Amino acid sequence: EDPIEGLLELGKEDQVHGVHLKDQDKKHQPVALGRGIIDIGGVLRTLEQIKYAGLVSLEYEPPDGVDPLPGMRESLKYIHSVLGY
């Protein structure tokens, strides 16, 4: 399903109560936000469009033994760049 279409539909009725973001590559492996196949930028802009004011959680699960902090930092930088922070 298209997350943007879902947000637009649910946003009409103020039914978006929480957002959990994660991205993945074509092999369904986790990647930092903005590096994968999901239109995270479009999702973020849609959240602004529907005036979503709730919480957004970020998930990044690197391969075993890899420090998750660099991927989390990269994801946050991506979010800030999309939203103009």
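Hi everyone, let's start with helix H3, residues 69–83: its 15 residues reach 21 Å from the first C-alpha to the last, close to the 21 Å expected at 1.5 Å a residue. That expected span is 1.5 Å times one less than the number of residues in the helix. Helices here are DSSP runs of H or I with at least four residues, strands are runs of E with at least two, and both are numbered from the N terminus.

Before going on, a word about the source. This is a predicted model, where local features need pLDDT of at least 70 and side-chain atom pairs count only at pLDDT 80 or more, while totals for chains, interfaces and linings use all residues. Residues are numbered from 1 along each chain as its sequence is written, and side-chain values use heavy atoms, with hydrogens and water left out.

Back to H3. Which of its residues are buried? They are Gly71, Ser75, Ile79, Val82 and Leu83. Buried means under 20% relative accessible area, exposed means over 50%, and partly exposed is in between, using a 1.4 Å probe and protein chains only.

The buried residues of H3 pack against helix H2 (40–49) and strand E4 (56–58). After H3 comes Gly84, with a positive phi near 80°.

Let's zoom in on Ser75, which lies in H3. Ser75 counts as buried because its relative accessibility is 1%. What does Ser75 touch, not counting residues up to four places away in sequence? The answer is Ala32, Leu33 and Leu58, where contact means heavy atoms within 4.5 Å. Take Leu33: Ser75 and Leu33 are 42 residues apart in sequence, and their C-alpha atoms are 4.7 Å apart in space.

Now over to H2. Of its 10 residues, 7 are buried, so H2 is largely enclosed by the rest of the structure. The buried ones are Ile40, Gly41, Gly42, Val43, Leu44, Thr46 and Leu47. What covers them includes helix H1, strand E1, strand E2 (23–24), E4 and H3.

So how do H1 and H2 sit together? Two packed helices are described by the angle between their axes and the distance between the axes. The axes of H1 (residues 3–12) and H2 come within 9 Å and cross at roughly 10°. Axes are lines fitted to C-alpha atoms, for helices over the stretch in contact, and angles run from 0 to 180 degrees between N-to-C directions. H1 and H2 are therefore roughly parallel to each other. Angles under 35 degrees count as roughly parallel, over 145 as roughly antiparallel, 65 to 115 as roughly perpendicular and the rest as oblique.

From H1, the contact is made by Pro3, Ile4, Leu7 and Leu8, and from H2 by Gly42, Val43, Thr46, Leu47 and Gln49. Thr46 is buried, with a relative accessible area of 6%. Leaving aside neighbours within four places in sequence, Thr46 is in contact with Ile4, Leu7 and Leu8.

Most residues other than glycine have a negative phi, and most peptide bonds are trans. Asp14 is not a glycine, yet has a positive phi of about 55°. Asp14 is in the loop between H1 and E1 (19–21), and counts as exposed at 59% relative accessibility. Lys51, which follows H2, has a positive phi near 60°. Lys51 is in the loop between H2 and E4, and is exposed with a relative accessible area of 68%.
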